[in-house]
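Visitor: I am new to this structure. Please show me how to read it, one feature at a time.

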Amino acid sequence: CDLGNANGCFALGGMYIKEQGSSKDYATGMNLLNKACDLGNAHGCYTIGLLYKRGHGVRQDYITAKKFFNKACNLDDADGCYILGAMYDKGKEIPQNYIAAEKLYRKACSLGDSRGCFTLGSMYYHGKGCRQDFAIAKEMYEKACNLGFGEGCYNLGVMHKNGDGIRKDIYAAKDMYSKACKLGDKKGCKQYIDLGIKGF
């Protein structure tokens, strides 16, 4: 870290924060994480944001958390993009801004974050803060599903079952419910069994 290695600063800072009991040293840990962040380590920026958001070792400060999540996202950290998007989406910790949330979820998704893809899909499915668009919703749910997010597969099943912007297809719905179930989604399991009982 003293030689300017961002990963070294991040690893060392994390050790101070994760230590148990009297060995825990948030001040030293935060200094090291700040250095990591300044040196371009996205995880350092994200971790500082998380500490400020939760008030761990520092006074809870959502504005400062937002600043560090934004830094992380600008450094292509998917977690930073997603969590900042969720903050804008919910509007409890910072002023609600669906346009900002949509952009951040989209970037998180492009970086391989299944939650970002799923939540973006839900925004377009329900028309939450944007124009309802089943085609975009389907695309995002498919991405989430392919990234292993069970609820994305389940929601695709719902779209096929209801014919939401696509041809109604109970067998395609059953396939999606099966995939959701295999990924641990209980609603998917229930729907798969129910359709089987009905002869599909």
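Visitor: How do the residues of the lining of the largest pocket divide into nonpolar, polar and charged?

Guide: Start with the general idea. Rolling a probe the size of a water molecule over the atoms shows where empty space is left. Now the case here, in a predicted model. The lining of the largest pocket has six nonpolar, three polar and two charged residues.

Visitor: Now helix packing. At what angle do helix 4 and helix 5 pack, and how far apart are their axes?

Guide: The general idea first. Two packed helices are described by the angle between their axes and the distance between the axes. Here, helix 4 (residues 62-74) packs with helix 5 (residues 78-90) at about 140°, and the axes are 8 Å apart. Helix 4 and helix 5 are therefore oblique to each other. Angles over 145 degrees would count as roughly antiparallel.

Visitor: Is the crossing of helix 4 and helix 5 left-handed or right-handed?

Guide: Left-handed. From helix 4, Tyr-62, Lys-66, Phe-69, Asn-70, Ala-72 and Cys-73 take part in the contact. They meet Gly-80, Cys-81, Ile-83, Leu-84, Met-87 and Tyr-88 of helix 5. By class, this contact of helix 4 with helix 5 holds nine nonpolar, two polar and one charged residues.

Visitor: Let me try another pair. How do helix 10 and helix 11 pack?

Guide: Read the angle and the distance again. Helix 10 (residues 170-182) and helix 11 (residues 186-197) pack at about 140°, with 7 Å between their axes. That angle makes helix 10 and helix 11 oblique to each other. Their crossing is left-handed.

Visitor: Which residues make the contact of helix 10 and helix 11?

Guide: Helix 10 brings Ile-170, Lys-174, Tyr-177, Ser-178, Ala-180 and Cys-181. Helix 11 brings Gly-188, Cys-189, Gln-191, Tyr-192, Leu-195 and Gly-196. In this contact of helix 10 with helix 11, seven residues are nonpolar, four are polar and one is charged.

Methods: Residues are numbered from 1 along each chain as its sequence is written. This is a predicted model: local features need pLDDT of at least 70, side-chain atom pairs count only at pLDDT 80 or more; totals for chains, interfaces and linings use all residues. Side-chain values use heavy atoms; hydrogens and water are left out. Ala, Val, Leu, Ile, Met, Phe, Trp, Tyr, Cys and Pro count as nonpolar, Asp, Glu, Lys and Arg as charged, and the others, Gly among them, as polar. Axes are lines fitted to C-alpha atoms, for helices over the stretch in contact, and angles run from 0 to 180 degrees between N-to-C directions. Helices (H or I, at least four residues) and strands (E, at least two) are DSSP runs, numbered from the N terminus. Angles under 35 degrees count as roughly parallel, over 145 as roughly antiparallel, 65 to 115 as roughly perpendicular and the rest as oblique. A crossing is left-handed if the near helix is turned anticlockwise from the far one by less than a right angle, and right-handed if clockwise. Contact means heavy atoms within 4.5 Å.
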